[in-house]
Amino acid sequence: MPVELRDYQLSRLAQIKQAMRDSNSVLCSMPTGVGKTIVAARLVADWPEICRSYGREERVLWLAHRGELIWQACQAIEAATGETPAIEKAQSRSIGEDGLFHERVIVASVQTLCQQARLEQFSRD
């Protein structure tokens, strides 16, 4: 069941969506402890609808620089979407044996994607 967002989180989510309509690149800054992960996970949940309106790919690549943030993101995304994201970190690979990605959302380690071979499996789109 999705987490209920607070008013200030809903306001920030609306601001992010508006900024995405106006630009290809958006940065959101929020203080520690106010629920950035939850807001971003809700954005992931809304992503298919957003993408359809722009004719964009619905896939999401979420980057984190520490293992605990990867697991936190996975839990928040699953709570918001009901989907279990794939993980691209060290020995965990998000690409199937058939060479295809099967999950819509992939949570990856920055350190892992610094490896050229791992990064190149993701299209720039």
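Glu 58 forms a salt bridge with Arg 52, and their closest N and O atoms sit 3.4 Å apart. A salt bridge here is a side-chain nitrogen of Lys or Arg within 4 Å of a carboxyl oxygen of Asp or Glu. Keep in mind that this is a predicted model, where local features need pLDDT of at least 70, side-chain atom pairs count only at pLDDT 80 or more, and totals for chains, interfaces and linings use all residues. Residues are numbered from 1 along each chain as its sequence is written, and side-chain values use heavy atoms, with hydrogens and water left out.

**Salt bridges**

- A search of the whole structure turns up 5 salt bridges.
- (Buried is under 20% relative accessible area, exposed is over 50%, and partly exposed is in between, with a 1.4 Å probe and protein chains only.)
- Lys 17 pairs with Asp 46, with 2.6 Å between the closest N and O atoms. This one links distant parts of the chain: Lys 17 is in helix H1 (residues 7-22) and Asp 46 in helix H2, 29 residues apart.
- Asp 46 counts as buried at 19% relative accessibility, and Lys 17 is partly exposed at 22%.
- Glu 68 bridges to Arg 66, the closest N and O atoms being 2.5 Å apart. Glu 68 is exposed at 53%, whereas Arg 66 is partly exposed at 38%.

**The sheet and its helices**

- Three strands make an open sheet in the order S1-S3-S2, with parallel pairing. S1 and S2 (86-88) stand at the edges with a single partner strand each, so one side of each has no neighbour in the sheet.
- Helices (H or I, at least four residues) and strands (E, at least two) are DSSP runs, numbered from the N terminus; two strands pair if DSSP finds at least two bridges between them.
- S2 is joined to strand S3 (residues 105-109) by 3 bridges, and Ile 87 has Val 107 in S3 as its bridge partner.
- Helix H2 (residues 36-54) packs on the sheet and touches S1 and S3. Contact means heavy atoms within 4.5 Å.
- Helix H3 (residues 67-81) also packs on the sheet, touching S1, S2 and S3.

**A nonpolar patch**

- What lies in strand S1 (residues 60-64)? Leu 63 does, and Leu 63 counts as partly exposed at 48% relative accessibility.
- Leu 61, Leu 63 and Val 110 form a nonpolar patch on the surface. Patch residues have over 30% relative accessible area and no salt bridge, with like charges joined within 9 Å and nonpolar side chains (Val, Leu, Ile, Met, Phe, Trp, Tyr) within 5 Å.

Conventions:
Areas by Shrake-Rupley, 256 points an atom, 1.4 Å probe, with all protein chains shown as cover. Axes fitted to C-alpha atoms, helices over the stretch in contact; angles between N-to-C directions.
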